[in-house]
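Please have the sequence and the model open while reading.

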Amino acid sequence: MDVSRVAQCYQTLSKDNLFLLEQIYHQDVVFEDAAHRLEGFSNLFDYFQALYRNVIRCDFSIHERCQMEDKGFITWTMTLQHPKLKQGCAIEVQGVSHLRFSEGKVIYHRDYFDLGEMLYEHLPLLGSVIKAIKKRLGQ
């Protein structure tokens, strides 16, 4: 298993082919992101089913890949459309995935991205507060 296969899987992933996840993830996978920590493939699969059931669109564009032995990184842009975020318009989020492999599959997957960019900035009221704080910090 290498980062290229993981990248290819994510570029083709949709609610109609979530079975592809079983080809890349170990049964004992640990998956973490800014909002979740999941242990075991069945929990990861349930998470992806819920995610894809509730979104209009969730696509990944892969930019760079790097692998050294059983560890790797992928940089990506996720384009997300959710009916409750930004009035259903597309949101682009930049991120990086840190991967570790065991027995030919991903055993550890950690996503790093700005949760505010993905979620908080697109909620009524809270979004304007987060944007104002970011603007003040940038001055």
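The side chains of Arg110 and Glu32 meet in a salt bridge, with 4.0 Å from N to O; a salt bridge here is a side-chain nitrogen of Lys or Arg within 4 Å of a carboxyl oxygen of Asp or Glu. Arg110 lies in strand β6 (residues 105-113) and Glu32 in strand β1, so the pair ties together parts that are 78 residues apart in sequence. Helices (H or I, at least four residues) and strands (E, at least two) are DSSP runs, numbered from the N terminus.

This is a predicted model, in which local features need pLDDT of at least 70 and side-chain atom pairs count only at pLDDT 80 or more, while totals for chains, interfaces and linings use all residues. Residues are numbered from 1 along each chain as its sequence is written, and side-chain values use heavy atoms, with hydrogens and water left out.

**Salt bridges**

- The count of salt bridges comes to 5.
- Glu32 also meets Arg37 in a salt bridge, at 3.0 Å from N to O.
- Glu32 is buried, with a relative accessible area of 14%; buried means under 20% relative accessible area, exposed over 50%, and partly exposed in between (1.4 Å probe, protein chains only).
- Arg110 counts as partly exposed at 21% relative accessibility, and Arg37 is partly exposed at 48%.
- A network of salt bridges links Glu32, Arg37, Glu39 and Arg110.
- Another salt bridge joins the side chains of Asp70 and Lys71, at 3.2 Å from N to O.
- Asp70 is partly exposed, with a relative accessible area of 36%, and Lys71 is partly exposed as well, with 42%.

**Aromatic rings**

- A pair of aromatic rings is described by the distance of the centres and the angle of the planes.
- The whole structure holds 9 aromatic pairs. Rings of Phe, Tyr and Trp (its six-membered ring) pair if their centres lie within 6.5 Å; planes under 30 degrees apart count as stacked, over 60 as edge-to-face and the rest as tilted.
- Tyr10 and Phe60 form an edge-to-face pair, 5.2 Å centre to centre and with 85° between the planes.
- Tyr10 lies in helix α1 (residues 3-12) and Phe60 in strand β3 (residues 57-68), so this pair ties together parts that are 50 residues apart in sequence.
- Tyr10 is buried at 8% relative accessibility, and Phe60 is buried with a relative accessible area of 13%.
- The ring centres of Phe48 and Tyr52 are 6.4 Å apart and the planes are at 20°, so the pair is stacked.
- Phe48 and Tyr52 are 4 residues apart in helix α3 (residues 41-54), and are therefore separated by about one helical turn. Both residues are buried.
- Ring pairs link Tyr10, Phe31, Tyr47, Phe48, Tyr52, Phe60, Trp76 and Phe113 into a cluster.

**Charge over a ring**

- Arg100 lies over the face of Tyr108, at 4.4 Å from the ring centre. The rule requires NZ of Lys or CZ of Arg within 6 Å of the ring centre and within 35 degrees of the ring normal.

**Gln27**

- Gln27 is in strand β1 (residues 25-32) and is partly exposed, with a relative accessible area of 46%.
- Leaving aside its neighbours within four places in sequence, Gln27 is in contact (heavy atoms within 4.5 Å) with Glu22, Gly40 and Phe41.
- Gln27 and Val106 are 79 residues apart in sequence, and their C-alpha atoms are 9.1 Å apart in space.
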